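Open your viewer and keep the selection tool handy. We will go from stop to stop together, picking out one part at a time.

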Amino acid sequence: MNELIDLALIAILLFMALFSVLSAVLFKAIIFFILLGLMLAIIWIRLDAPDIALAEAAIGAGITGILFLNAQAQLPPQHTQAYTVSMCKQSRFWFALIASLSTMIVLTLAVNQPLNPTISINQPIIEQLNASGVEHPITAILLNYRSFDTLLEIAVLVQVAVIALSLRQHEHIKIHSPTLPNPLLHACLTLFLPMLFLVSMYLLWAGASQPGGAFQAGSVLAAAFILFYLAGFNTPINNHELYLKFGWVFGLSVFLMVGILTLFTGDALLAYPLEFAGVSIFFIEFAVTLSIGWILFSLFVLSQNISLSNVKENNE
Amino acid sequence: MNSYLIFSYAGVALCGIGVFGFIFHSHLIKRLIAFNILSNGVFLILVGLAQNAQKQPDHLPQALVLTGIVVAVAATALALVLIKQWYAISQQTTLPEDQEHQ
Amino acid sequence: MMGVAISMPVILPLLGAIISLLLPARYNNRIAFIFMLGLVVNAAWLLMHFSAQGPYQQVMGGWTLPLGIALRIDALAIIFSMMSCVVASVCGFYARFYLRAKQLKQFWPFFWFLLTALNTIWLSADLFNLYVGLELLTFSAVGLVALGQNKHALAAALRYLFAALLGSMGYLLGIALLYAQFGTLSLSQLSDAFSLTTTSAVALGFMFIGLMMKTAVFPLHTWLPPAHGGSLTPVSALLSALVIKASFYILLRLWMALPFGENAFVIGSLMGTLGGTAIIWGSWMALNQTQLKQIVAYSTLAQIGYFMLIFPLFSYSDPTANQYALHGGVLMLLSHALAKAGMFLAAGNLLICTNKTDLTSLAGLSRYRPLNIFAFGLAGVSIMGLPPSGGFNGKWLLVQSALMQSKWVWLIIILLGSLLSAAYIFKVFSYTYLETKAGDKFEQPSAMLEWSALSLSVLSILLGFFSVWVLDLLTLAEMRMP
């Protein structure tokens, strides 16, 4: 019975993927991609990975989808033209098909083998949980055992935001906010925004003992910011470079500062003293959540109207 | 055949579809969607296969996938910003070497 | 104390990135100076510690191995972090005088993130951590390429980004399969547990292809010439000298750590074939270019081919030959980093002089701007592999290794590649010696720019005299290997 559910899920998943890749219209491709993300969220639950399910729904399908739709809206319709059957006659089509088939065959061979790993990492993860400062193993891995990965990952996010800013050629160009003077939207917003913030903070708080954590909380926060922005409430903060940058590096700085402090108390990077482990992790997560939310939001805002400002400039 | 293994095979299929789209499409945003499908396939294999080998939920690959998802969204955002800038300058949505193929 | 020293190469540049983002632009240069000095001192300290006490490994967070991420110091890590310190310092210094104020302000954060990523890759002994490091490296490199802001730079950045993303997915797929098979991400544990099965072979296949894509090994190289040739000069130098080395370094690490047994010969020959083709193809393309920086960029393709020759020559049959192959390869990597950075900077200076990008406009420069031609030439000596230079010693050791194992094919390719590289470098020279009647109509690049290019070229020659130090370090590591 369970296998039937799995197979049905996979069938839908693969159809979504195929539609998304083969659809001629860009908008459809994006919509199918978002649906694929939602299917994946369900699949992750079947794989006993509720954390990834949350992240996939919030980041994978949600934020990625928003970014794609936002980009698509700025390209003119003639660039989303239909592909014709003649594409199949191109060498490129056959090359892609051969590459894809050989990837699948080779991977199937690899996946098909019986695997008996001699080292089990799950055992020590559970055993050391008491010393990690949190009760949820995934949070323990992300912010304690392998916290260096997470530090670099936050750096990756900051880096991407900085590139997005550097591509805006003129700092003084204000971001034109698309205002939607819709009273209903504003009324809904007063209801939604507090709830979004509450959900975000709950996810953050829950991360210590159950699925949830900084990434999920941060992306919900970003969604709240984006909603706020789309409703037409444009704050000067969006337009001032220093505020933007400060928000980006806040999480990274707190993380790095804790890392440097532990370096002198424990002689290893990010080796929290046992009694402070829980508190350190909470502070880092809180700061990182704010920064992730701010970075994802900035990425959305900064890519807004890039084309407009430059097209104007080229015409002048 | 447990669900872990079944979903690893689903990951293999997603990888195949992703690779096809990545090479086939010259439209940069479509190529980016294919990249995202490919990365989701890799994530499924990462968790599914490890859990199939351990015969129980394995926390480490799950944490790796969380990191991977964030890196993937960062990559997507970066690529989209570049694509939009490229469109603003060149009025094209494909790279110069792909333009004669259209 | 050691815990501080081993994490400094990552912490300092990260701190530099944060500070350069927050503080006003006028402090950036001073901070760069202080932090680079700190990094150099730190690297020297690590070097002393290594030569006194041998390799050192520390797991971050104070955990034990399968749980945490290990950083390790050994000969290769020391040599590469020293190399990136020196090259990055000079490139940063050059950028300080070369870029306009606004570009410079955007340059520094990328520079620091790039250095963070590079140092992470040199030190880390954890497969997934290397993946995150590679992504950070890719994004900072893409950001640097896009600093050019024109049409070519943007297209190059996009092409580079997509190639690199596909490459990292290959690498991550390999990690997924390896982890499922062996249950660990740590390179040292993997090295003990490894055996070549179908799954691990497929895993390594994907990892190697992914890494070769990021290194721009023939035939996965098409993104490199526009990205390296079309960027701002200090960026080209950083990319060509350091960034491609990072993915190659991981390739080399995997090759040395994992026992391939009988299959080493087949895999090595395959990779050597790609390398050999890259040498011939890259040199030939370089010979046919008409733009100065494109020649230098294609020359990088050919040099990557030489690095790839380590694999067929380092294949377990003969310990001495292996040692020569590794030593020769490391010397090639080092001297290429110095010489190629020097060459790009010198080429950038020549472009400032002429204000044009094509070769024919170089006519007369030998008479009026000899210093820049000299810098370009010295770097060229090392690239061609003429004595006395680091490039010569590296090639010599590779040739020795090929001779000992009677692998004539590689020998012929190395020699042929040297001839071709001599051809394209002398081609540039021949243009500069042409006499024109126009007289000294050239711009004068600032002395700082000229001397920083020259310093790297001179270092690549000096490496020829001090190769034995580098080789001693490597031998020391081998003796101490458990």
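Here is a tour of a predicted model, starting with one chain and then moving on to where chains touch.

**Stop 1: chain B.** Select chain B and color it by secondary structure. A compact globule of 102 residues would have a radius of gyration near 13 Å, while chain B has 17 Å. Even so, 80% of the 102 residues in chain B count as buried.

**Stop 2: chain A against chain B.** Show both chains. Their contact takes 77 residues from chain A and 60 residues from chain B. Which helix of chain A gives the most to the side that touches chain B? Select residues 91-112: this is α4 of chain A, with 13 residues on that side. The residues on this side of chain A divide into 50 nonpolar, 17 polar and 10 charged.

**Stop 3: a helix in chain A.** Select residues 147-166 of chain A, which form helix α8. From its first C-alpha to its last, α8(A) reaches 29 Å, close to the 28 Å expected. Is this helix mostly covered or exposed? It is mostly covered, with 20 of its 20 residues buried.

**Stop 4: chain C against chain A.** Bring in chain C. Here the contact takes 48 residues from chain C and 46 residues from chain A. On the chain C side, α5(C) gives the most, with 10 residues. By class, that side has 26 nonpolar, 21 polar and one charged residues.

Technical notes:
Residues are numbered from 1 along each chain as its sequence is written. Chains are lettered from A and ligands numbered from 1 in the order in which they are written. This is a predicted model: local features need pLDDT of at least 70, side-chain atom pairs count only at pLDDT 80 or more; totals for chains, interfaces and linings use all residues. Two residues are in contact if their C-beta atoms, placed from the backbone, lie within 7 Å. Helices (H or I, at least four residues) and strands (E, at least two) are DSSP runs, numbered from the N terminus. Ala, Val, Leu, Ile, Met, Phe, Trp, Tyr, Cys and Pro count as nonpolar, Asp, Glu, Lys and Arg as charged, and the others, Gly among them, as polar. The expected span of a helix is 1.5 Å times one less than its number of residues. A residue is buried if 20 or more other C-beta atoms lie within 10 Å of its own, exposed if 12 or fewer, and partly exposed in between; C-beta atoms are placed from the backbone. The radius of gyration is taken over C-alpha atoms; the globule rule is 2.2 Å times the number of residues to the power 0.38.
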